Amino acid sequence: MRDRRAMAGVIGVVAFGALACGYFLGRSDERAGRPLSLVSPAHASERPDLSPVEARDGDFYAPNSEELGPEEMRLIACGTGMPTARPKQAASCWLLELGNGDKFIFDVGTGSNERIAALQIPYNYLDKVFLSHLHTDHFGDLDALFISGALGGRQKPLRVWGPAGDTPERGTKSALDHLYKALTWDLDGRKGITDPRGYKLEVNEFDYKGMNEVVYQENGVTIRSFPAIHALDGPVSFVVEWKGMKFVFGGDTYPNKWYAKYAKGADVAIHECFIAVPDMIDKFRFTPQGALAVGTQIHTAPEAFGKMMSVIQPRMAIAYHFFNDFDTTPAINQRIRTTYDGPLSLSVDYMVWNISKDDIRVRMARVDDDVWPPPATEKPQVPDPSLRIPYSEMIAAGRYDMKSVLQPTYDEINEQYGLDEKQE
Ligand SMILES: [Zn+2]
Ligand SMILES: [Zn+2]
C-alpha cells in the first residue's frame with residue numbers, strides 16, 4: 001500500500017518536472033499509457049505532433065470546461081487562508097464534486113463566496129454546506145452564499161450541516177436562526193420581487209461528540225463526523241466515503257487521536273497547518289507567548305501536521321490555514337518534512353485536485369474575473385407582486401418623476417417579449 005502511494009508522489013514530481021520543461025501532458029487518462037520523457041523547449045519544435053497553429057490542452061483547470069468521470073472526484077480550494085482578510089486567500093472553503101453529480105461545500109469562510117462564484121456552477125447544485133465550526137473564517141460567507149446563491153439561481157433551500165454546541169446557544173441551529181433573523185430587512189425587501197424558493201435555510205445539527213457517526217447519507221454518498229479540539233467544545237471534522245474512496249476534511253484542531261484513527265488511509269486528507277511560530281512573531285506581530293499558544297496549542301503546527309500525515313498515510317496530504325507566501329512557505333515545508341515524506345500539497349486558493357482510484361492530478365484553476373451567474377437549471381418562478389411590502393407614504397412621495405424617461409424601456413421590453421408591464 002505504502003509503495004504504491006510513494007510511487008504516486010514520485011510520478012507527481014516527475015509530471016511537474018515535465019511541465020516545467022514545457023512538455024505537453026494531456027488528461028490523466030491519456031497520460032497513464034504514455035511514456036514520460038523530458039523534452040527541452042529547444043527541441044520541442046522537432047516533435048512532429050507540435051503544430052505552429054493548432055491549440056494544445058492547457059495544464060490548468062478552466063471552470064465549466066471538463067467532464068468528470070463517473071468514478072472521479074474533483075476538489076477545488078475556494079479558501080485556504082486565515083481570519084485576517086487578504087485578496088490572495090479567502091478563509092476556509094472547499095468544494096468537492098463527485099462524478100455522480102453531487103457537490104458538497106465544506107466550510108464557507110469569509111471571502112470564499114466569490115471563489116465559489118468563479119467556478120460557474122449552477123446554484124441549484126450548490127445547496128449543501130458542511131460546517132466544521134462556527135468561527136467566521138469557516139462560516140463567515142454563509143450569508144453571502146445564501147442570498148447571492150438564491151439570486152443567482154438556487155431555486156431550493158440552502159441545506160447546512162453543522163455541530164451542536166455544548167450549550168444550545170453555541171450550536172449551528174442557534175447561529176443560523178439568528179443569522180436568518182439578522183437578514184430580516186434583506187429578505188423582506190425581496191418579497192414579491194424575486195423567485196422566493198431559494199431564500200430558505202434547512203439546518204441539520206448533529207452531536208459534535210459523535211464518533212465517526214453518519215451525518216449524511218444520500219445517493220451513494222456517506223458523510224461522517226468526529227470531534228476536533230479547538231477553542232471550545234463543538235468543532236468537528238468530516239469523512240466522505242463514495243465509490244470506495246475516502247476524502248477527509250479536517251476543521252481547525254489541535255492534533256487529535258480521532259483524526260489519526262478515522263482519517264487513516266484516506267485518498268485525500270485535508271488538515272489545518274498553521275504558520276511556523278517564528279513567522280507568527282516576525283510577520284504576524286504575535287508575542288512569543290501568544291505565538292506558541294495559538295500556533296501550537298489552539299492550532300496544528302507544521303511539524304505536528306507532518307506527524308499526523310505520517311500516521312494516517314494518505315495518498316495526498318493537503319495543508320491549509322496559513323498565508324502561502326514566498327517567504328513563509330519554505331519554513332512551513334521544511335518543518336513538515338522533518339516528520340513526513342509523503343505526497344503533499346501546500347494549498348492556495350483555486351488549487352484543483354482530480355482524484356480517481358489510480359491517479360491524483362494537481363493543477364491550478366484559471367478563472368474569469370468577469371464572471372456572471374450561470375443559467376438556472378429550472379425555469380424561474382415569476383414572483384407574486386401582492387407579496388411586496390410597500391414603502392411608507394412619506395418615502396413613496398419622494399420619487400422624482402422619471403416616468404417619461406423610463407417609459408421607452410417598458411415599451412421596448414413589452415414589445416420584445418409580448419408583455420404589458422406598467423410602471424408603478
Ligand atoms: Zn477556528
Ligand atoms: Zn480557522
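Trainee: In this predicted model, which residue in S9 stands opposite Thr-222?
Mentor: Strand S8, residues 221-227, pairs with S9 in the antiparallel sense over 6 bridges. Pro-227 in this pairing has Val-236 of S9 as its bridge partner, while the residue of S9 that stands opposite Thr-222 is Glu-241.

Trainee: How many residues of strand S9 are buried?
Mentor: Strand S9 spans residues 236-242, and a residue counts as buried if 20 or more other C-beta atoms lie within 10 Å of its own. The strand is largely enclosed by the rest of the structure, because its buried residues number 6 of the 7.

Trainee: Which strands are at the edges of the sheet?
Mentor: The sheet is open and has 7 strands, in the order S7-S8-S9-S10-S11-S12-S13, with mixed pairing. Two of these strands pair on one side only, and these edge strands are S7 (213-218) and S13.

Trainee: Which residue in the hairpin of S9 and S10 takes a positive phi?
Mentor: The hairpin has 2 residues between its strands, and Trp-242 has Met-245 in S10 as its bridge partner. Most residues other than glycine have a negative phi. In this hairpin a positive value, near 50 degrees, is taken by Lys-243.

Trainee: Is Lys-243 buried or partly exposed?
Mentor: Lys-243 lies in the loop between S9 and S10. Inside 10 Å it has 15 C-beta neighbours, and therefore Lys-243 counts as partly exposed.

Trainee: Where is Tyr-350, and is Tyr-350 buried or exposed?
Mentor: Tyr-350 is not a glycine, yet its phi is positive, at about 75 degrees. It has its place in the loop between strand S13 (344-346) and strand S14 (351-356). With 22 C-beta neighbours inside 10 Å, Tyr-350 counts as buried.

Trainee: What is the bridge partner of Val-248 in S11?
Mentor: Val-248 belongs to S10, where it stands opposite Val-239. S10 also takes part, with H9 and S11, in a right-handed β-α-β unit. In S11, the bridge partner of Val-248 is Ala-269.

Trainee: Which residues touch the most other members of the largest nonpolar core?
Mentor: The largest nonpolar core holds 88 residues. One of those asked for is Val-268, and, leaving aside its neighbours within four places in sequence, its contacts include Leu-75, Phe-247, Met-316, Ile-318, Trp-353 and Ile-355. The residues that touch the most other members are Trp-94, Leu-96, Val-268 and Ala-269.

Trainee: At about how many degrees to S11 does helix H12 run?
Mentor: Helix H12, residues 302-312, lies across strand S11 (268-272) and strand S12 (316-320). Its buried residues are Pro-302, Glu-303, Ala-304, Phe-305, Gly-306, Met-308 and Met-309, and what covers them includes helix H9 (257-262), S11, S12 and helix H13 (329-336). The angle at which H12 runs to S11 is about 155 degrees.

Trainee: Which residue with a positive phi follows H12?
Mentor: H12 ends at residue 312, as its range of 302-312 shows. The residue that follows the helix has a phi near 50 degrees, and it is Gln-313.

Trainee: What percentage of the contacts with a separation of 6 or more is between residues 24 or more positions apart?
Mentor: The protein chain has 15 helices and 15 strands, and buried residues make up 36% of its 424 residues. Among contacts with a separation of 6 or more, the part contributed by residues 24 or more positions apart is 65%.

Trainee: Over which residues is the pLDDT below 50?
Mentor: The average pLDDT of the protein chain is 90, and 89% of the residues score at least 70. The stretch asked about has 41 contacts in the model beyond near neighbours in sequence, although its pLDDT is below 50, and it comprises residues 1-39.

How values were computed:
Residues are numbered from 1 along each chain as its sequence is written. Chains are lettered from A and ligands numbered from 1 in the order in which they are written. This is a predicted model: local features need pLDDT of at least 70, side-chain atom pairs count only at pLDDT 80 or more; totals for chains, interfaces and linings use all residues. A residue is buried if 20 or more other C-beta atoms lie within 10 Å of its own, exposed if 12 or fewer, and partly exposed in between; C-beta atoms are placed from the backbone. Helices (H or I, at least four residues) and strands (E, at least two) are DSSP runs, numbered from the N terminus. Two strands pair if DSSP finds at least two bridges between them. A nonpolar core is a set of buried Ala, Val, Leu, Ile, Met, Phe, Trp, Tyr and Cys residues joined through C-beta atoms within 7 Å. Two residues are in contact if their C-beta atoms, placed from the backbone, lie within 7 Å. pLDDT is the predictor's confidence in each residue, from 0 to 100. Axes are lines fitted to C-alpha atoms, for helices over the stretch in contact, and angles run from 0 to 180 degrees between N-to-C directions. A crossover is right-handed if, with the strands pointing away from the viewer, the path from the first strand over the helix to the second runs clockwise.
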